[in-house]
Amino acid sequence: MDIEGMPEEERLAALASLEALHPGLSKTASGTLAGPATRHRPDVPIWDYEQYSQEHPEVELDDLLAVRFPVIFYGGEDFTIDSAAEHLRTDPVAPSVPVTLASVLDMWKQLHAAGVVAWNHDRRAVEHVRPQQAFDAVVARWGTDLQPKALPPRAR
């Protein structure tokens, strides 16, 4: 398993196939189809990006948005490539609740605090250390907190 990403020829062929079936779809690719992991990415997990940028004045938080890092799923067989930028992109249909950099970092902080993900320093990758159900539960709680709160009847 090469967690840095799929071979470039395979990735480009898959994107071309998608584009042929659905013109414009290749522009919204994410995960391994969006490209390989950032080769010279820092050895820091996404949930520590804010602290890292504060401790390293030469690194702006905005510079870390595009850093693509491997995410190894529970069991170690499957993986994807992720970045904060993938969560912030603007697709043709805007999300009902805006996702901000702060909310993306908060999601990863919650996953880490719950013991769902850990940082693998040797591979510079996020690893899921608990089954998918644990991940889903944390993300569902995070999504609920993200939802706009209903206004009281008089405030509407």
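The buried residues of H5 are Leu 101, Ser 103, Val 104, Leu 105, Met 107, Trp 108 and Leu 111, where buried means under 20% relative accessible area, exposed over 50%, and partly exposed in between (1.4 Å probe, protein chains only). Helices (H or I, at least four residues) and strands (E, at least two) are DSSP runs, numbered from the N terminus. This is a predicted model, in which local features need pLDDT of at least 70 and side-chain atom pairs count only at pLDDT 80 or more, while totals for chains, interfaces and linings use all residues. Residues are numbered from 1 along each chain as its sequence is written, and side-chain values use heavy atoms, with hydrogens and water left out.

The expected span of a helix is 1.5 Å times one less than its number of residues. For the 13 residues of H5 this gives 18 Å, and the end C-alpha atoms are 18 Å apart, which agrees. After H5 comes Gly 115, with a positive phi near 75 degrees.

H5 packs with helix H6 (residues 132-146) at an angle of about 145 degrees, and their axes are 10 Å apart. Axes are lines fitted to C-alpha atoms, for helices over the stretch in contact, and angles run from 0 to 180 degrees between N-to-C directions. On the H5 side the contact (heavy atoms within 4.5 Å) is made by Ser 103, Asp 106, Met 107, Gln 110 and Leu 111, and on the H6 side by Phe 135, Val 138, Val 139, Trp 142 and Leu 146.

The structure holds two salt bridges, each being a side-chain nitrogen of Lys or Arg within 4 Å of a carboxyl oxygen of Asp or Glu.

| Salt bridge | Closest N and O atoms |
|---|---|
| Glu 50 with Lys 109 | 2.4 Å |
| Arg 68 with Glu 86 | 2.4 Å |

Glu 50 lies in helix H2 (residues 49-55) and Lys 109 in helix H5 (residues 101-113), 59 residues apart. Glu 50 is partly exposed, with a relative accessible area of 30%, and Lys 109 is partly exposed at 33% relative accessibility. In the other pair, Arg 68 and Glu 86 are both buried.

Asp 82 is in strand S2 (residues 79-82) and counts as buried at 10% relative accessibility. Apart from neighbours within four places in sequence, Asp 82 is in contact with residues including Arg 68 and Trp 108. The C-alpha atoms of Asp 82 and Ala 37 are separated by 7.9 Å, although the two residues are 45 residues apart along the chain.
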